[in-house]
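Let's take a quick tour of one protein model. Have a look at the sequence and structure first, then read on.

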Amino acid sequence: MSDPRLHLLGIRHHGPGSAASVFAALEQIDPECVLIEGPPDADAILGFADKAGMRPPVAILVYAEDDPARSVFYPFATFSPEWQAIQWALAHRRTVRFIDLPVRYRLAELDVSDEEDQQSNLRRDPLTELALAAGESDGESWWNGLVEQTASGPEVFAAIGEAMAVLRTSIEQQTQVPILEERREAHMRTEIATALSATAGSIAVVCGAWHVPALRQAGDVKKDRQSLKGLPQAKTVATWVPWTDMRLAAASGYGAGIISPGWYRHLWSEFHIKGQERQPLQVAARWQVQVARLLREEGLPAATASIIEASRLAVSLASVRGFPLPGLGEMQDASLSVLCHGDDLLLKLIGRKLVIGDDIGEIDDSIPQMPLAEDLQRWQRKLRMKPSPAEEEMAVDLRTETGLQKSALLHRLLLIDVPWGRMMHAQAGRGTFREVWTLVWQPELSVKLVEALHFGTTIAQAAENAALAVVEKQPGLARVSGVIGTCLNADLPEAAEKLTVELQRLSVSSSDIAQLMLACVPLIRVLRYGTARKIPRGALSNLVTGMSAEICAGLVPASCGLSDDAVATMYMAMQQYDTAIPLFEDQYGREAWLEALGALEQSDASAAFLRGFALRHLYDSQQRGAGETATRLSRALSNAVPTQEAGQWLEGFLGHSAQLLLNDAQLFQLIDDWLAGLTENSFMELLPVLRRAVTSFDPMERRHILEQVKRGPAADTKSRAALAPDDPRAAEAFVKALPLIKTILGLSDDTAI
């Protein structure tokens with residue numbers, strides 16, 4: 001398009017130098033209309049960008065009204081050229097709007113568009129191509145030194161346009177332009193033509209530098225419009241949401257991400273120091289002061305003299321490398337050498353806290369938000385829970401009303417799949433009045449809030465409806481039971497009551513003992529909150545009592561004829577139930593469980609692994625004496641029992657601790673004699689099972705076992721196969737067997753004994 005009123009400003013998204021040059025160009029051009037590469041779906045909310053409460057980073061969220069999961073974010077930082085163009089236009093009361101292909105088209109065929117966009121990005125990297133043409137290998141550093149660190153002014157856009165024109169011609173001779181890119185540029189040309197025909201004054205277009213040649217050429221408007229005709233569309237909704245430095249970073253996977261949002265923010269602040277020309281030493285010093293402040297906050301020394309030395313070193317490095325100002329590479333090298341004393345870990349801390357940054361944006365209260373987001377913001381303000389992209393630990397005291405409300409809010413968000421917080425543990429010792437949460441706010445949680453809208457318009461309403469929907473979507477006993485616990489913690493007693501009735505119905509008709517055990521566990525644990533939360537203690541206690549009776553009655557039949565996977569599932573359920581049942585107030589339930597384990601241990605038809613686990617637990621709980629346990633162990637490992645079955649029994653018996661073997665010489669010798677009596681074929685068959693059994697032992701326990709093997713049998717052991725500890729043959733046999741023993745125990749070859 002050769003119209004002299006048209007000014008194409010080719011930029012890099014989120015570039016401080018590009019932003020400063022755009023601002024200077026707009027001041028010089030004084031356009032009547034500003035067009036920006038962005039989603040036209042969001043034109044209606046552009047006017048909110050200059051509100052007092054808007055603090056970047058922020059993003060425009062556009063989503064399909066009928067399926068919020070299909071969504072697109074358009075982030076803006078303070079140093080984003082598009083953001084500065086919007087601010088300039090609103091401040092000067094000029095027309096401003098977006099001209100990229102509307103999101104309603106892209107969401108209608110999201111999979112195809114995204115795939116083509118990714119292929120397009122893989123085919124070319126304009127910055128690298130231009131850097132190579134200029135004799136440089138690093139496109140990022142080359143562009144930063146040329147554009148982003150210098151803020152060259154309006155004249156830079158002509159040079160960028162010419163360079164991109166040559167580059168596109170070269171690339172397009174080798175590869176075909178993706179369909180999505182053709183549609184985007186066709187739509188932008190159409191919008192530019194419409195603006196030129198409707199505007200008497202000049203027009204400024206802020207777009208990615210790559211698109212400048214395609215928008216400059218005289219396109220066939222009729223053909224462009226025809227290429228967009230008949231495309232499927234989705235009805236979209238747009239709003240503003242907070243964004244984070246971390247999500248601006250390329251490391252987050254964001255396609256237009258940058259390596260260093262925090263560093264770019266520093267550069268942008270340098271461009272806006274009034275009445276002062278940027279001096280390399282001052283620019284370096286202001287950055288190194290931030291580095292020193294961070295190190296001091298971490299309790300590390302950072303002398304003023306070191307700041308000066310690091311600043312001078314950064315300027316010297318820039319001069320040697322041919323840069324007018326020190327860039328991030330020079331700053332990092334200087335910080336590493338002087339302030340970090342060569343410690344890479346400290347440099348990584350600087351990278352995370354300063355180079356990337358941990359800012360989270362804010363949006364103005366006047367911006368219309370969807371109801372769930374508004375309700376969440378009200379609760380955040382009321383409870384003083386400010387969202388942050390950095391991982392934070394929060395302890396909640398459930399003895400206070402505020403603590404209960406904080407806990408309830410976080411549990412309600414979990415029910416609607418908005419995991420702002422993750423509970424690390426509820427600490428006992430103070431009556432289970434304390435919860436510890438880890439909080440991290442990610443922008444994607446805004447989409448989760450949109451998706452949860454169909455459950456309700458408040459957090460409480462949506463959480464309750466989402467909980468009740470579990471019965472229809474995932475009616476498993478353990479799942480329903482877990483949701484009941486979450487509902488009680490979320491202060492949703494009516495939902496918990498309805499789900500309790502449903503769980504009772506499901507448990508009566510269920511024959512899956514493992515699922516019953518897993519369902520009991522969260523109910524038993526949630527009863528521990530009785531002094532801090534209002535819960536239907538009587539109904540829950542009766543439900544657990546009934547389910548426990550079914551578990552104990554059905555444990556033995558449920559342990560017969562199981563596959564290896566089913567045995568593992570049953571074992572996991574038994575472990576969890578066994579840990580939880582002592583917390584239950586019903587003494588009868590605990591005694592019935594021990595009786596059920598006794599019946600399981602004596603049932604030859606039950607899985608050998610589970611029988612071994614049952615005997616071990618009965619021994620640990622002093623329900624079986626040492627003599628009786630030794631007799632049962634000897635019988636389970638006798639020659640009449642198939643080797644594989646005996647190995648599985650032993651694996652269940654050993655469990656996750658070796659203390660039983662280390663403290664009971666008789667049991668240790670029984671197992672040792674059994675292993676020594678195996679034939680070579682039987683031993684090789686058993687070796688994987690035995691190796692798996694000891695891997696859960698603590699490394700120190702395994703070493704103690706090795707030492708006990710070396711010492712030989714106890715003095716009172718009457719094993720016929722044993723050699724006396726001082727017999728030279730015993731020492732020789734031990735040395736020969738040592739490599740194999742270390743392999744079984746998972747010890748390294750250089751382990752000394």
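In what order do the three strands of the open sheet lie? They run β4-β3-β7, with antiparallel pairing. Keep in mind that this is a predicted model, where local features need pLDDT of at least 70, side-chain atom pairs count only at pLDDT 80 or more, and totals for chains, interfaces and linings use all residues. Residues are numbered from 1 along each chain as its sequence is written, and side-chain values use heavy atoms, leaving out hydrogens and water.

**The sheet**
- Helices (H or I, at least four residues) and strands (E, at least two) are DSSP runs, numbered from the N terminus.
- β4 (67-76) and β7 (236-242) are the edge strands, each with a single partner, so one side of each has no neighbour in the sheet.
- Strands pair if DSSP finds at least two bridges between them; β3 (residues 58-64) and β7 have seven, in the antiparallel sense.
- L61 sits opposite T239 in β7.

**The cores**
- A nonpolar core is a set of buried (under 20% relative accessible area, 1.4 Å probe, protein chains only) Ala, Val, Leu, Ile, Met, Phe, Trp, Tyr and Cys residues joined through side-chain atoms within 4.5 Å.
- The largest one has 127 residues, and I416, L449, M517, M574 and W593 have the most contacts inside it.
- Helix α23 (residues 513-526) gives this core its largest share, 11 residues.
- A second, separate core has 51 residues, including L9 and F48.

**A buried histidine**
- H266 lies in helix α12 (residues 261-271), and it counts as buried because its relative accessibility is 5%.
- Not counting residues up to four places away in sequence, H266 touches (heavy atoms within 4.5 Å) V283, R286, W287 and Q290.

Terms used:
Buried < 20%, exposed > 50% of the residue type's maximum accessible area, 1.4 Å probe, protein only.
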